[in-house]
Amino acid sequence: MKKYLLAAFCVLAAPLLAQAPAYEVEYPLPADIYEALWSLPALQQVEENAKQTGAELTEQQKKDLAKYTERVKGLVVVEITGEKCPPCLAFARMLKEDTFLDELRSKGGRFYQLDVGTEKGLSGKKLSTDIWGIRGMPTFLFFKDGERIYGFEGFDETRWPKIKQTLKQKNIL
């Protein structure tokens, strides 16, 4: 009897499982870019404090500042996402049909996604309490030469045209 129930379940569930889209981050955030975006604000603060007090940065701080700044030169957009996040999935579907990535690339920008559920070493306490102030998903962070210039949380297709208009007004797109 159990064998027949299992077979019946497999036959009935197969079409439903086949319809469920596989979630995959298409633009994964490279570890070196993450490291730069994570480290730069603290180094920039140290640099600012040094300027105010007349102190000097150490040689290592100078090297790190130059290295991280070079890695994130230009416009970098990071989407904090997750596979069990319905608005994240809606954004992923919309992204395939929208001109956002083309417009971003035309400005020399780069787009990355960080799946907080699967990225090793990046999920949990470090991200939720970090300097980016992430409180929900999806969160979109816009950086120019490593400095955060804009960001927003959540995604709703009805709001997307207004968000794109804001990005254009801020000369991001």
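Okay, so this protein has seven helices and four strands, taken as DSSP runs, with helices being H or I of at least four residues and strands E of at least two, numbered from the N terminus. Before I go on: this is a predicted model, where local features need pLDDT of at least 70, side-chain atom pairs count only at pLDDT 80 or more, and totals for chains, interfaces and linings use all residues. Residues are numbered from 1 along each chain as its sequence is written, and side-chain values use heavy atoms, with hydrogens and water left out.

Reading from the N terminus, the order is α-α-α-β-α-α-β-α-β-β-α.

Of the 173 residues, 36% count as buried, meaning under 20% relative accessible area with a 1.4 Å probe, protein chains only. The accessible surface is about 10,800 Å², and carbon and sulfur atoms hold 56% of that; that's Shrake-Rupley, 1.4 Å probe.

Now the inside. The largest nonpolar core has 21 residues, and Leu 37, Val 76, Val 78 and Trp 132 touch the most other members. By core I mean buried Ala, Val, Leu, Ile, Met, Phe, Trp, Tyr and Cys joined through side-chain atoms within 4.5 Å. α2 (31-53), α3 (59-71), β1 (75-81), β2 (110-115) and β3 (139-144) each put in at least two residues, and α2 gives the largest share, seven. Apart from this core there's another one of 20 residues, including Phe 111 and Ile 172.

Have a look at Val 78: skipping residues up to four places away in sequence, Val 78 touches Leu 29, Leu 37, Tyr 112, Leu 114, Thr 139, Phe 140, Leu 141 and Phe 143, contact being heavy atoms within 4.5 Å.

Terms used: Buried means under 20% relative accessible area, exposed over 50%, partly exposed in between (1.4 Å probe, protein chains only).
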